[in-house]
Amino acid sequence: MIALALDTATSSTVVGLQLPDETVREARDDVEPGQRPRHTSRLLPLAAGLLDAAGLRWHDLELIAVGLGPGTFTGLRIGIATARGLAAATGAPLVGVGTLRALAAAAAGGGRPVLGVIDARRGEVFVGGYDDGRELIGPVAVAPAGVADLVAGRDWLAVGDGALRFRAVLEGGGMIVAPERSPLHQVGSAAILRLAVAGDVDARGPVLPTYVRLPDAELAVRSGQP
Amino acid sequence: MILGIETSCDDTCAAVVTPDGVIRSNVISSQGIHDRYGGVVPEVAARHHLELIDAVTADALDRAGVSLDEITLVGATCGPGLIGALLVGLASAKAIAAAGELPFAAVDHLHGHVGAAFLDPDQLDPPFVSLIASGGHTLLLRVTSRDGEPEVLARTLDDAAGEAFDKGARMLGLGYPGGAALERLARDGDPEAFAFPTGRTRDFSFAGLKTALLYKLRDLEADRGAADDQLRADLAASYQQAIVGALVGRTERVLAETGLTRLAVGGGVAANGQLRSAVRGLGVTVSVPPGPLCTDNAAMIASAARYVRSQPYPEYLGVEAYATGEGPLR
Ligand SMILES: [Zn+2]
């Protein structure tokens, strides 16, 4: 099956193309910590480049998969609006895969449950915990120090940019954080494609981001502040 | 056939326009969810755009009776506006264009308001003066050709005209957005009852007007406890007259200076009845498009897309959006 995967939940712009022989080509744009993501300027050019290199056209796509987050609100909307536009114009079915689920799936297999941890800024992380494909935790936004309460009692492996950033806090809470240079900390398209092709997805059709957080203005209205 | 998409503020819009300027469809989905926040919240607007955009685009194609195969050019607003909102429409439009390997036009929102004048049934040929007044912009432009860059003759130094209406309405207890409510209240009032400043500068400025209303309301409350209905109507009428006077006075001056005899009016404030009748009294040929073409819409973006430089596939795939305060017309 020819399938395209997009993920823009983190500061990385990630694109993967599964070819008819089931191999996956990935193209990505990773920015230095603190740098602005380049989702708008890089997402479609990376995808077009992969198709071109494989001698394929957009209308050859048989499945489009997009990372639902949680992650940066603007990034998620760029990825999902793009994926929906491509699906509408090509007729390819669209599925959404939780970005934390994809992070965890890539790190699964070591006998431990895996925690995907994405930096949510404002002193919080987005967390999702998975064991053998089953979602045991989240996705939720919590302070790094609060993660230990969610995972009590088991040897969790933590991966993701949030796990890297808050390594000391998570390790202090009993989790194992993958090594500094491990590729498991980056969202990869291979896991998204594998889950999407297997039908192990979080949404189908007109997918929407997993925001987890409400807009600030909504929180203010609900708490009665002006 | 041109597909236009516009998501610069809180309206999710898609339209189909023919190459010679006939509107085949013009779908506007007003979110109507920002009243509870007292103004447009960028994050809330962006979330709703994403929920609505596919259905709005499909609806525009449907109403036009065309399929994507018949679209030859896609145009989308790339700025200025709320960046998160713009990015939804831009990402969607680029993806649709890419999938069909179609050319794409990144349209400036203000070029779009000018482009509304190039649509049937009442196409206005340049050269003309364009007055664009809305909640986000207040500009006087000299438009010399359909594909040339308009020249900015006057702009607002602070608030936009529509913002002045909305802020005045809020002070008068009319809620948000209150431009239309203010106009209704003003019908029963005396526009000469209160003197408000309209300014003598070349550019527009509405911040002082807003402050003047605030002080007048305070004085009245100190005098009598609260402004009664007649006084509020008088205030609304005088305040509206000041805004319209500021717009029309500068438009008149610019028409005299340029010697141009045609005027196009656009933007949400063009829905104001007093402004419409005042510009008709200027003694020039006036084009005020119907309401849905004055407020933000995608037909004007599709119209402008015909005249801006479009890019062939795949050159535009990396096109970015730009925020309020950026772009060619400031
Ligand atoms: Zn506008």
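## Close-up views of a predicted two-chain model

**Figure 1. The interface between chain A and chain B.** Here 30 residues of chain A make contact with 28 residues of chain B, where contact means heavy atoms within 4.5 Å. The two chains bury about 2500 Å² between them, with 65% of it from carbon and sulfur atoms; buried area is the accessible area (1.4 Å probe) that two parts lose on being put together, summed over both. Look for Thr40(A), Arg77(A) and Arg84(A): they supply 23% of the area that chain A buries against chain B, more than any other three residues. A word on what you are looking at: this is a predicted model, in which local features need pLDDT of at least 70 and side-chain atom pairs count only at pLDDT 80 or more, while totals for chains, interfaces and linings use all residues. Residues are numbered from 1 along each chain as its sequence is written, chains are lettered from A and ligands numbered from 1 in the order in which they are written, and side-chain values use heavy atoms, leaving out hydrogens and water.

**Figure 2. Chain A and its fold.** Eight helices and 11 strands make up the secondary structure of chain A; helices (H or I, at least four residues) and strands (E, at least two) are DSSP runs, numbered from the N terminus. Its radius of gyration is 17 Å, close to the 17 Å that the globule rule gives for 226 residues, so chain A is as compact as a globular protein of that length. That radius is taken over C-alpha atoms, and the rule is 2.2 Å times the number of residues to the power 0.38. Of the 226 residues of chain A, 54% are buried, meaning under 20% relative accessible area, with exposed over 50% and partly exposed in between (1.4 Å probe, protein chains only).

**Figure 3. Two cis peptide bonds, one in each chain.** In chain A, Gly69(A) and Pro70(A) are joined by a cis peptide bond with omega of about 5°. Pro70(A) sits in the loop between β4 (63-67) and α2 (73-90) of chain A. In chain B, the bond from Gly79(B) to Pro80(B) is cis, with omega near -10°. Pro80(B) belongs to the loop between β4 (73-79) and α2 (83-99) of chain B.

**Figure 4. Positive phi angles in two loops of chain A.** Glu22(A) is a residue other than glycine with a positive phi, near 75°. You will find Glu22(A) in the loop between β2 (13-18) and β3 (24-29) of chain A, and its 49% relative accessibility makes it partly exposed. Arg122(A), also not a glycine, has a positive phi near 55°. Arg122(A) lies in the loop between β6 (114-121) and β7 (124-131) of chain A and, at 62% relative accessibility, counts as exposed.

**Figure 5. Chain B and its fold.** Chain B holds 10 helices and 10 strands. Its radius of gyration of 20 Å agrees with the value near 20 Å for a compact globule of 330 residues. The C-alpha atoms of chain B fill a box of roughly 70 × 45 × 30 Å along the principal axes. Buried residues account for 57% of the 330 in chain B. Among contacts in chain B between residues at least 6 apart in sequence, 71% join residues at least 24 apart.
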